[in-house]
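Trainee: Please take a close look at one part of this model for me, namely the charged pairs and the loops around them. I would like the cut-offs stated as you go.

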Amino acid sequence: MSENKIPYKIYLSETEIPKQWYNLNAVMKIKHDPFLNPATLKPCTADELKEVFCSECVDQELNRKDVYIDIPEEIRDFYKMYRPSPLVRAYCLEKALGTPAKIYYKFEGNNTSGSHKLNSAVAQAYYAKKQGLKSVTTETGAGQWGTALSMACAYFGLDLTVYMVKVSSEQKPHRREVMRTYGAKVVASPSDTTEAGRKILKEFPGTGGSLGCAISEAVEKAVTSDSCRYVLGSVLDHVVLHQSVIGMESKAAMEKYGVSPDMIIGCCGGGSNFGGLIAPFMGEKIQGKNNIDFIGVEPASCPSLTRGRYVYDFCDSAKITPLAKMYTLGCGFMPAANHAGGLRYHGMSPIVSALYNQGYMRAVSVEQTKVFEAAEMFARIEGILPAPESSHAIRVAVDEALKCKETGEEKTILFGLTGTGYFDMSAYKQYNDGTMKDSIPDEASLAQGFSTIPDIPQNK
């Protein structure tokens, strides 16, 4: 199709919202290793996982057969409030860069929560309500997940307790207030309200916390409360499944105009948005139907893929969750307190980890000052203030487009713009004031984190 016929924003109709999620687990030729019970070191059973997570989510987590899984009508009705989300051709950015590359981004910030997190939040809240639960607990880092889940829980009438990483709670009080407005109880983590929190505070006095800390507290709260389960905003397979709605819509929109991406780029913290964006495209790559270059982008201050180890590790800092085979910096790794760019998790989605280990994708890490440089450039050119997390993908998309300028290649680049940055202004202020510093862990810091990886036969 002629270039001038492709609009700035490609919208699908309401009837084109996907009716099914795409299950990468079913397509992968080599499945990722199962979760292990830390007490027995045997694969977790469905019953064991259902003591922590919603039953339907566990069934989805363990489903390795069905490529497509139906999206319940109640969830699709909620999706209609903000989906389909637009696929945008970044004509202005292309012009500013002077690149022959064609750049597209899937914008997931077009909802009140401001990010892609709502896609899984509504699904997990729906399944909790369907199960007859009264409340759920969770963790949140920068606050996008907590915000999205508070909206979903308000919609379905569930009580919610959010353990928010302490440094993020201090940096982003307005995001905390949005959660409270939707009825959530927000606790800065680590806290003295749980055994896990008290233990972490004793070992790391004055810590700004981490997602691993917050997960520990949320899980403890869930398993010690009646009619309550823990819900997670990233990492696990069922969350990647729910986020595949992003990739399904992106693929449908591009196919509508005869466009095929040469490269797909996404930010990687826990891996759910990246896994969701790439899902149907990666499925075809595994089947030998394309040769797309998939790039996961992570912060240099928390580089689980590029500098981590591919081993079994705990998903939380207090070592109470199941063991997952993933790229990890060690469950005791603590990102620097001055890291403002998000993506602070010590590990990576088992699905994304397996794809990376098997050579289906590559990973790069970037310093936060370069991330915010790209964020401000994008805001001025494309008119959207991006979330710091999303800006990791912007940074690499710009770098790849500039490589095309040097070589003359007309690559088609798709990246995920996972959300907006309007609650992240303290981080933008640091960058604008010139006080933002890059924090790259040295070998000693990595070694300290690696020392917390469990010494088990599976890791030998």
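Mentor: K325 counts as buried, because its relative accessibility is 14%; buried means under 20% relative accessible area, exposed means over 50%, and partly exposed lies in between, with a 1.4 Å probe and protein chains only. This is a predicted model, in which local features need pLDDT of at least 70 and side-chain atom pairs count only at pLDDT 80 or more, while totals for chains, interfaces and linings use all residues. Residues are numbered from 1 along each chain as its sequence is written, and side-chain values use heavy atoms, with hydrogens and water left out.

The side chain of K325 meets that of D33 in a salt bridge, at 3.1 Å from N to O. The pair links distant parts of the chain, 292 residues apart: K325 is in strand β13 (residues 323-328), and D33 is in the loop between α1 (24-27) and α2 (46-50). Helices (H or I, at least four residues) and strands (E, at least two) are DSSP runs, numbered from the N terminus. D33 has 32% relative accessibility and therefore counts as partly exposed. A salt bridge here is a side-chain nitrogen of Lys or Arg within 4 Å of a carboxyl oxygen of Asp or Glu, and the structure holds 26 of them.

Two other pairs belong to that set. K80 forms a salt bridge with D77, the closest N and O atoms being 3.6 Å apart. K80 is partly exposed, with a relative accessible area of 34%, and D77 is also partly exposed, at 36%. K460 forms a salt bridge with D455, where the closest N and O atoms are 2.2 Å apart. K460 counts as exposed at 73% relative accessibility, and D455 counts as exposed at 64%.

R83 takes part in a network of salt bridges that also links K106, E108 and E249. R83 is in the loop between α4 (73-79) and β4 (87-89). With a relative accessible area of 3%, R83 is buried. Its side chain makes a polar contact of 2.9 Å with the side chain of N119; a polar contact is a pair of N or O atoms within 3.5 Å, and within protein one must be able to donate a hydrogen and the other to accept it, while residues adjacent in sequence count only if both atoms are side-chain atoms. Apart from neighbours within four places in sequence, R83 is in contact (heavy atoms within 4.5 Å) with I17, K106, E108, N119, V245, I246 and E249.

The backbone at R83 also deserves a note. A cis peptide bond joins R83 and P84, with omega about 0 degrees, and P84 lies in the loop between α4 and β4. Another cis peptide bond joins S189 and P190, with omega about 10 degrees; P190 is in the loop between β8 (185-189) and α10 (195-203). Most peptide bonds are trans, and most residues other than glycine have a negative phi.

L41 is not a glycine, yet has a positive phi of about 60 degrees. L41 lies in the loop between α1 and α2, the loop that also holds D33, and is partly exposed at 23%. K319, in the loop between β12 (309-314) and β13, has a positive phi near 60 degrees as well. K319 is partly exposed, with a relative accessible area of 39%.
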